[in-house]
Amino acid sequence: MEHSHCLSRRSLLGFLSATSAAAMVWPLTGAAQPGPVATRPIPSTGEALPLVGLGTWITLNVGRDTEARDSCAEVMRAFFEAGGRLIDSSPMYGSSQEVVGYGLQKLGPPSNLFSADKVWISSGSAGPSQIEQSRRHWRVPRFDLLQVHNLLSWEVHLRTLLAMKAAGEVRYVGITTSEGRRHREFERVMHQHPLDFIQVTYNILDREVEDRILPLAAERGIGVIVNRPFQQGALLDRLERYPLPPWAAEIDAKSWAQFILKFIVSHPAVTCTIPATTRVDHVRENMAAATGRLPDAAMRARMIAYVESL
């Protein structure tokens, strides 16, 4: 569950059918019981990532309040205990990077941590110093993934990130956008540059990326991280006025948060999604969405129709 105090229908079934043979894990509705957290391979390397990660926008921006930082560290502890790996942050997120670093120091960083951050500064020449400052905030030797945040000065920053990757200073490189912004330019960058990841907004109501961006990511072998899965809590606020449909049990969804997350990660082009939260119970609930059964194409269409009818 995301806590903010922190395909068009025409193309849905056609695209899912066309990509069903892709080399991506897509469990279908069946008789399986909830178990270990499901993973999906990063297309460029085959490294497995859990389907659900942890975002830090708003939720970890708690400044220097020690009690609040300790609470965030407990969210991180529950995330790791549930099988989570990928934590995503940005210089844009206030004190969130420092709070991640505080939590990692307090808990002891797990050996399989997947650290994802961004460069977000208008000056291209200032990118390397910002990245180094972010690394110091996290207290990690290097980042696993660095992304150009919202395409800001992307031409210079992407050259920097690709040079860092070639030098072994970062493992993966990507670009991000949110709330449907600059998708045409985003596609051009995807076509023209060797990206490992993109990060986009996608959920059961915001499905614009299904038309072009997700198919292009599958075609180009680019991993996809999904941000704003709950519309910063607004989607859950809307849906929780209604009862969860009984047939949600067919995909092992026990809450609206799990219903939404299972819809997102069942798309074969999606590598993982990054809900943010300030609560231990919510992070456990979110991670449980990566266990058990996921919807197939028919179930996804049923889920869309039901939510749009509410």
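Are Phe 79 and Phe 80 buried or exposed? In this predicted model, in which local features require a pLDDT of at least 70, side-chain atom pairs count only at pLDDT 80 or more, and totals for chains, interfaces and linings use all residues, both Phe 79 and Phe 80 are buried. Residues are numbered from 1 along each chain as its sequence is written, and side-chain values rest on heavy atoms, with hydrogens and water left out.

Secondary structure elements are DSSP runs numbered from the N terminus, with helices (H or I) of at least four residues and strands (E) of at least two. Eight strands form an open sheet in the order E3-E4-E5-E6-E7-E8-E9-E10, with parallel pairing. Its edge strands are E3 and strand E10 (272-273), each of which pairs on one side only. Pairing of two strands requires at least two bridges between them, as found by DSSP. Strands of a sheet pair through backbone hydrogen bonds, either parallel or antiparallel. Within the sheet, strand E7 (residues 170-176) and strand E8 (residues 197-201) are joined in the parallel sense by three bridges. Ile 175 is positioned opposite Ile 198 of E8.

Aromatic contacts were examined next. Rings of Phe, Tyr and Trp (its six-membered ring) are paired if their centres lie within 6.5 Å; planes under 30 degrees apart are classed as stacked, over 60 as edge-to-face, and the rest as tilted. Eleven aromatic pairs are found in a search of the whole structure. The pair of Phe 79 and Phe 80 is tilted, with a distance of 5.6 Å centre to centre and 55° between the planes. The ring centres of Trp 247 and Tyr 306 are 5.5 Å apart and their planes stand at 85°, so this pair is edge-to-face. Trp 247 is buried because its relative accessibility is 13%, whereas Tyr 306, with a relative accessible area of 22%, is partly exposed. One aromatic cluster is formed by Trp 247, Trp 256, Phe 259 and Tyr 306.

A salt bridge is counted where a side-chain nitrogen of Lys or Arg lies within 4 Å of a carboxyl oxygen of Asp or Glu, and the whole structure contains 18 salt bridges. In one of them, Asp 70 pairs with Lys 106, the closest N and O atoms being 3.1 Å apart. Asp 70 belongs to helix H2 and Lys 106 to helix H3 (residues 96-107), so the contact ties together parts 36 residues apart in sequence. Both partners are partly exposed, Asp 70 with a relative accessible area of 25% and Lys 106 at 42% relative accessibility.

The salt bridge between Asp 88 and Lys 118 has an N to O distance of 2.5 Å. This pair links distant parts of the chain, with Asp 88 in strand E4 (residues 86-88) and Lys 118 in strand E5 (residues 114-119), 30 residues apart. Asp 88 counts as buried at 1% relative accessibility, and Lys 118 likewise counts as buried at 1%. A further salt bridge, between Asp 196 and Lys 165, spans 2.8 Å from N to O. Asp 196 lies in the loop between helix H6 (183-192) and E8, and Lys 165 lies in helix H5 (residues 154-166), so parts 31 residues apart in sequence are tied together. Here Asp 196 is buried at 4% relative accessibility, while Lys 165 is partly exposed at 31%.

Disulfides, defined as pairs of cysteine sulfur atoms within 2.5 Å, number zero in a search of the whole structure. Cys 72 is buried at 5% relative accessibility, as is Cys 272 at 0%.

Note on methods:
Buried means under 20% relative accessible area, exposed over 50%, partly exposed in between (1.4 Å probe, protein chains only).
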